[in-house]
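Here's a quick tour of one structure. Have a look at the sequence and the model, then read on.

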Amino acid sequence: MGTRSLTKIIQRYDDNEEKVLTTMYRQMDGYPEVHGVDLATWLYPFNIVNGIGLDEKRQIANGSDCLAAQMFAHFKNGPGGIYLMHPDIADCGEEYIYYIYVHHDDITIKVYDTYDEKVIFKGEPRKLIEEYA
């Protein structure tokens with residue numbers, strides 16, 4: 001049996017309203033030392049933009065919807081393992097829930113341990129890498 005996790009991409013608006021765009025279910029290796037570091041390493045170089053310039057050289061996502069699509073493209077490499085779930089899904093037997101908050105060009109990760117019922121990390125991708133790698 002694997003360590004299951006959910007990863008939610010959440011658009012945060014200026015009025016502090018939030019919208020969960022998608023949820024990714026990972027069947028195995030969902031603990032912070034693996035999935036958390038994989039996720040943070042992938043997120044770290046991203047720049048969130050509103051429109052794509054012709055001469056863009058940075059690693060970008062054209063908003064949080066684009067980032068969500070790229071997440072599945074990055075992590076899904078064949079049948080099984082990674083699943084696209086309803087944004088509001090909960091209680092899939094997951095041990096960890098990763099919340100990816102996107103606000104303008106800011107990306108914040110929050111990691112919730114469902115077994116201990118507490119947040120075990122909240123911060124920038126770089127900080128998660130430093131703490132768990």
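This is a predicted model: local features need pLDDT of at least 70, side-chain atom pairs count only at pLDDT 80 or more; totals for chains, interfaces and linings use all residues.

Residues are numbered from 1 along each chain as its sequence is written, and side-chain values use heavy atoms, with hydrogens and water left out.

**Around T7**
- T7 sits in strand β1, residues 5-12 (strands are DSSP runs of E, at least two residues, numbered from the N terminus).
- With a relative accessible area of 0%, T7 is buried (buried means under 20%, using a 1.4 Å probe and protein chains only).
- The T7 side chain makes a polar contact with the side chain of H35, at 2.8 Å (a pair of N or O atoms within 3.5 Å; within protein, one must be able to donate a hydrogen and the other to accept it, and residues adjacent in sequence count only if both atoms are side-chain atoms).
- Beyond neighbours within four places in sequence, T7 is in contact with residues including T22, M24, L39 and Y98 (heavy atoms within 4.5 Å).

**Hairpins**
- Strand β6 (residues 96-103) runs antiparallel to β7, joined by eight bridges (strands pair if DSSP finds at least two bridges between them).
- Y99 has K110 of β7 as its bridge partner.
- Two residues separate β6 and β7 in their hairpin, and H104 in the turn has a positive phi of about 55 degrees.
- β7 also pairs antiparallel with β8 (residues 118-123), over five bridges, and V111 has F121 in β8 as its bridge partner.
- The hairpin of β7 and β8 has four residues between the strands, with E117 taking a positive phi near 55 degrees.

Conventions
Buried means under 20% relative accessible area, exposed over 50%, partly exposed in between (1.4 Å probe, protein chains only).
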